[in-house]
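Visitor: Please take me through one part of this model in close detail, and then show how the parts around it are arranged.

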Amino acid sequence: MTFQIRSFDTSANTDNFQCGSEPLDGYIRRYASQDVRRNVARVFIATPENDPQRLAGFFTLSAGSVTCSSLPATMARKLPRYPIPVALIGRLAVDSKFQGKGLGSILLANACQKVSKASVVLAVAGIIVDAKDEAAIAFYAHFGFIPLQGQNDRMFLPASVF
Ligand SMILES: CC(C)(COP(=O)(O)OP(=O)(O)OC[C@H]1O[C@@H](n2cnc3c(N)ncnc32)[C@H](O)[C@@H]1OP(=O)(O)O)[C@@H](O)C(=O)NCCC(=O)NCCS
């Protein structure tokens, strides 16, 4: 199955979206559009190529920062002591009917590509993700994200990787 990934718009139906996490379902239904309006997140949605109203997955991108001391010592040593600029994938979710078919990987790769392009004009030292539970931690670890020290639910991928 092929998907179209585009900026969040009202043409996709969010009412039936269910990924197994109520806060993430609630976010795309109720808060995503206002986050975009207020410039606190960019939201991207995936819909099947042949069904542009069916919401299959989404992710959010924002700017963020991490303290140098939360990074592994080998990375921290090469960075300044003040807060380090990063991109934040605040939320990423795939509807249950589409899980296990590679869409999560496609969304994550697409998010990394977007950050890589943006980093030409806005420097980031890496990407951080908010991993909501053990399954999410395992998913991101699978792609090389490492836990930030003292913040179990936040993980980091250095810019050298993407
Ligand atoms: C986590 C989630 C985004 C994965 O999406 P998905 O479309 O099922 O993932 P994919 O099919 O692309 O799987 C990608 C790879 O990750 C692995 N993977 C997926 N879920 C995993 C998990 N819970 N633990 C470990 N590995 C996992 C798969 O085995 C696959 O590996 P492979 O490429 O070697 O075959 C999806 O299950 C989801 O939306 N869950 C609920 C919301 C959530 O937890 N979001 C993340 C935190 S905000």
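Guide: In this predicted model, the second largest pocket has a volume of about 360 Å³. Of the 19 residues that line the second largest pocket, Ser-62, Ala-63, Ala-87, Ala-118 and Leu-122 are the closest to its centre. Four elements, strand 2 (42–48), strand 3 (57–66), strand 4 (84–89) and helix 3, each supply at least two residues of this lining, and the largest share, four residues, comes from strand 3. Sorted by class, the lining of the second largest pocket has 13 nonpolar, four polar and two charged residues.

The volume of the largest pocket is about 460 Å³, and among its 25 lining residues Leu-92, Ala-93, Val-94, Gln-99 and Phe-139 lie nearest the centre. Here the largest share of the lining, four residues, comes from helix 4, while the classes divide into twelve nonpolar, eight polar and five charged residues.

Helix 3 itself has 16 residues and reaches 22 Å from its first C-alpha to its last, close to the 22 Å expected at 1.5 Å a residue. Its buried residues are Leu-103, Gly-104, Leu-107, Leu-108, Asn-110, Ala-111, Cys-112 and Val-115. An α-helix has 3.6 residues a turn, so residues three or four places apart point the same way.

The structure also holds three salt bridges. In one of them the side chains of Arg-54 and Asp-95 meet at 3.9 Å, N to O, and this pair links distant parts of the chain, with Arg-54 in the loop between strand 2 and strand 3 and Asp-95 in the loop between strand 5 and helix 3, 41 residues apart. Arg-54 counts as partly exposed at 23% relative accessibility, whereas Asp-95, at 2%, counts as buried.

Asp-130 forms another salt bridge, with Arg-154, the closest N and O atoms being 2.6 Å apart. Because Asp-130 lies in strand 6 (residues 126–130) and Arg-154 in strand 8 (residues 151–158), the pair ties together parts that are 24 residues apart in sequence. Arg-154 counts as partly exposed, at 21% relative accessibility.

The side chains of Asp-9 and Arg-6 also meet in a salt bridge, at 2.9 Å, N to O. Asp-9 is partly exposed, with a relative accessible area of 26%, while Arg-6 counts as buried at 15% relative accessibility.

Note on methods. Residues numbered from 1 in each chain as written. Predicted model: local features only at pLDDT ≥ 70, side-chain atom pairs only at ≥ 80, totals over all residues. Heavy atoms only, no water. 1 Å grid on protein atoms, 1.4 Å probe; cavity = no way out; pocket = protein on both sides within 12 Å on 5 of 7 lines; lining within 4 Å. Points joined across faces, edges and corners; volume = space filled by probe spheres on them. Nonpolar A, V, L, I, M, F, W, Y, C, P; charged D, E, K, R; others polar. Expected span 1.5 Å × (residues − 1). Buried < 20%, exposed > 50% of the residue type's maximum accessible area, 1.4 Å probe, protein only. Salt bridge = Lys/Arg side-chain N within 4 Å of Asp/Glu carboxyl O.
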